[in-house]
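Biologist: Please take a single part of this model and go through it closely, stating the cut-off behind each term as it comes up. I would like the part placed in the whole chain before the local detail.

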Amino acid sequence: MANRANRQVTLVGCGPGGAQYLTGQALAAVREADTVLGPPRLLALFEPLARSVVLETARAEEVAALIRTLPAERLAVLVSGDPGLFSLAGPLRRLLAPGWQVRAVPGISSLQAACACLGLEWQHMQVFSAHRATPAQLAAAVESGASDLAVLCGPGRQPQHLAAELLKTTRGDRRCHVASDLGEPTQRLWSGTLRRLAQEDFVARSVLIVERRQS
Ligand SMILES: C[S@@+](CC[C@H](N)C(=O)[O-])C[C@H]1O[C@@H](n2cnc3c(N)ncnc32)[C@H](O)[C@@H]1O
């Protein structure tokens, strides 16, 4: 077992998907690691790898427990997008420090990529994770009209589900945008209204943006 004090964990932001979104820093961090952990989709971006461990879970406690058992000195943990936005990286850093040297490599977040592809600015957006925000919180943010909303969607909380929910709980209709499967051959960019979105069929790996003004 390696001396724990020397062990480094690098949380590597890998962008939304596709090799074109990887940064030079992410490539270097993976090159310098002796063991790389990540979900299959992200590990595949760096193949071939000398030593990799497939993460079957995104639960930080389980990943931290696994890391503690590995006889490696320099580990890289691959996370999607940027480590600072609704990422496994946040709780993992808190669980491993103190006692471990933990650093992060920034990545292009799905929100950044979505806005660039859709021609939108994101400096005034309020950002939510569909899994952490309750329907009532999303509705209140939309109703307040204070800012545009960006929602990172997920399984069971796809853009069309959120649109249907917002139409029931807020007044009027709003212009909205969806970016799904960014960086993949199946990438889809869409703009319309909540009413039209409720009839669409988007995958869970999507970013939904709802404009603050009623259309
Ligand atoms: C656990 S969050 C991680 C977000 C990540 N830290 C980031 O900066 O993009 C996962 C969510 O990000 C969004 N996402 C990640 N990759 C995406 C992609 N390629 N296309 C669209 N949305 C994506 C989806 O909403 C997905 O459910």
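Modeller: Two residues are in contact, or touch, if their C-beta atoms, placed from the backbone, lie within 7 Å. The model is predicted: local features need pLDDT of at least 70, side-chain atom pairs count only at pLDDT 80 or more, and totals for chains, interfaces and linings use all residues. Residues are numbered from 1 along each chain as its sequence is written.

The whole chain comes first. The protein chain has eight helices and ten strands, where helices (H or I, at least four residues) and strands (E, at least two) are DSSP runs numbered from the N terminus. Along the principal axes, its C-alpha atoms fill a box of roughly 60 × 35 × 30 Å. Of the 215 residues in the protein chain, 41% are buried; a residue is buried if 20 or more other C-beta atoms lie within 10 Å of its own, exposed if 12 or fewer, and partly exposed in between, with C-beta atoms placed from the backbone. Among the contacts in the protein chain with a separation of 6 or more, 71% join residues 24 or more positions apart.

The protein chain splits into domain 1 (4-108) and domain 2 (111-214), with bounds from an automatic or database domain assignment. Nine residues of domain 1 and eight residues of domain 2 make the contact. On the side of domain 1 that touches domain 2 there are five nonpolar residues, four polar and no charged ones. In these classes Ala, Val, Leu, Ile, Met, Phe, Trp, Tyr, Cys and Pro count as nonpolar, Asp, Glu, Lys and Arg as charged, and the others, Gly among them, as polar. The centres of domain 1 and domain 2, taken over C-alpha atoms, are 28 Å apart.

Now the ligand. Domain 1 and domain 2 both give residues to the shell around the ligand, so the ligand lies between them. There are 22 residues around the ligand, and P16, G81, S109, S110 and L152 come nearest; a residue counts as near if its C-beta atom, placed from the backbone, lies within 6 Å of the molecule or strand in question. By class, the shell holds nine nonpolar, ten polar and three charged residues. Strands β8 (174-180) and β10 (206-214) each supply at least two residues of this shell.

β8 is the strand to follow from here. Six of the seven residues of β8 are buried. β8 runs antiparallel to β10, and six bridges join the two; strands pair if DSSP finds at least two bridges between them.

Within β9, G192 deserves a look. G192 touches C176 and L197, leaving aside residues up to four places away in sequence. From G192 to R175 the separation is 17 residues in sequence and 5.7 Å in space, C-alpha to C-alpha. G192 is partly exposed, with 16 other C-beta atoms within 10 Å.

The loop between β8 and β9 contains D181. D181 has a positive phi, near 50 degrees, in a residue other than glycine. With 18 other C-beta atoms within 10 Å, D181 is partly exposed. Most residues other than glycine have a negative phi, and most peptide bonds are trans.

On the β10 side, A204 sits in the loop between α8 (194-197) and β10. A204 touches C153, G154, P155 and Q158, not counting residues up to four places away in sequence. A204 and G156 lie 48 residues apart in sequence and 7.2 Å apart in space, C-alpha to C-alpha. A204 is partly exposed, having 15 other C-beta atoms within 10 Å.

F86, in the loop between β4 (74-79) and α4 (89-96), has a positive phi of about 40 degrees although not a glycine. F86 is buried, with 20 other C-beta atoms within 10 Å. The peptide bond from E47 to P48 is cis, with omega near 0 degrees; P48 lies in the loop between α2 (40-43) and β3 (52-54).
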